[in-house]
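Me: I would like to learn how to read cavities and pockets in a protein model. Please take me through one case.

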Amino acid sequence: MAYNFRGREKMKIPICRPFIGKEEKEAVLAVLDSGQLAQGKEVAQLEENFARFLGIREAVATSSGTTALFTVLQALGVKTGDRVVTTPFTFVASASSIVQAGGIPVFCEVDEKTFNLDANRLEEILKANPRIKGMVVVHLYGLPCSMEDILYLAKRYQIFVVEDCAQAHGAELQGKKVGTFGDAGVFSFYPTKNMTTGEGGMIVTSCPQLADKCRMLINHGSHEKYLHQILGYNFRMNNLGAAIGLVQLRRLNQTNQKRRKNAAFYTNQLSGIPWIVTPFEPASATHVYHQYTLRVLQGRDSLRAYLKDKGIGTEVYYPLPLHQQPFLKSILGEQSFPVSENLSREVLSLPVYPLLQQEELEEIVFHIKQFFNLPSIQLLAKEEATWE
Ligand SMILES: Cc1ncc(COP(=O)(O)O)c(C=O)c1O
């Protein structure tokens, strides 16, 4: 998701603006002054505070969400040829981590209403494929998946569940935080996320043995200095990132609230427009709006170009579903997931970050309404596929 930042400086209202305050700067300076930049108390403290925030026993900090996913899949025993279910409508790391661990992704179509894995289609897939060892379920854009159905099937077919919570820090289902439902949860702290450590990630689990294995894997296969029990990696978080993360975590409930408030404003203002579908939020879930993503049923790229012209950054997450990505196509062959393919043509994410001002939200809504008030049926009909 590093591409998020491409071109953002040009926009009057960019798609994303990380919230870095005085406290983060002071925390980083304190680490620099201490001289201990790695493997220090900040990382351990962030692990402890993050576990407490979620209400889970173990948390292991990593260098990114991707290394967290790869590590936990290895720790859960994914081996060459094992099949692991995920969706084709997500960031590449949900599936590339499966391949990195030696596994083969099996895609399950998403539900167009939630953008998340369609649990109704899951059983068919599990029944048809006895080599499936587990699932990476993604709480996309900050909306929790229907974990009850997923966990029921996981138990029935005796497979593991990893929750990819890279976009869902603090999201809840029936009052329980995502990351605490499956065998493990994985978070990303990339700068665009609901909280950041610069780059970074976190593995959470209620299983001490699994956490222990992950700790070894991210630290050269070692618990004891210069004794390496297994082949490992250096996927550790550094203290500068952790110091930022400690401040960001303290602020997370507040910043998530602001995201929700911004989202409610958009939904209230935009839900009457016939060509637009605003995000769905079931009563049982607390969406944390990592992204506020519309479905624009006609003219998505024209609207995007129009907003860009007004200095408003938007983004398409994701323009190409994973089964159509060249490297996955070369492994899996031609596949078709019409819902995901259609969503890739319809979705448009608007700025929703906590630093947005009310005037900015109003300006964005104003221009969207202006766009749809234009006598622009011809423009809508001939969609421009030339977006950069
Ligand atoms: C759904 C999803 N999974 C995994 C990742 C990977 O996280 P990171 O960028 O920290 O490696 C991301 C981040 O972009 C993501 O959005």
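This is a predicted model: local features need pLDDT of at least 70, side-chain atom pairs count only at pLDDT 80 or more; totals for chains, interfaces and linings use all residues.

Reply: Residues are numbered from 1 along each chain as its sequence is written, and side-chain values use heavy atoms, with hydrogens and water left out.

Me: How many cavities of 30 Å³ or more are there?

Reply: Rolling a probe the size of a water molecule over the atoms shows where empty space is left. A cavity is a set of points, on a 1 Å grid over the protein atoms alone, where a 1.4 Å probe fits but cannot get out. The count here is three cavities of 30 Å³ or more.

Me: What is the volume of the largest cavity, and which residues lie nearest its centre?

Reply: A volume is the space filled by probe spheres set on the points, joined across faces, edges and corners. The largest cavity has about 140 Å³. Its lining (residues with an atom within 4 Å of a point) has 16 residues, with Phe-19, Lys-193, Asn-194, Gln-248 and Arg-259 nearest the centre.

Me: And the second largest cavity?

Reply: That cavity holds about 60 Å³. Ile-15, Cys-16, Arg-259, His-290 and Gln-291 are the closest to its centre among 10 lining residues.

Me: How much space lies in the second largest pocket?

Reply: A pocket is an open set with protein on both sides within 12 Å along at least five of seven lines. The second largest pocket has about 320 Å³. Its 20 lining residues include Pro-144, Cys-145, Ser-146, Met-147 and Asp-149, which lie nearest its centre.
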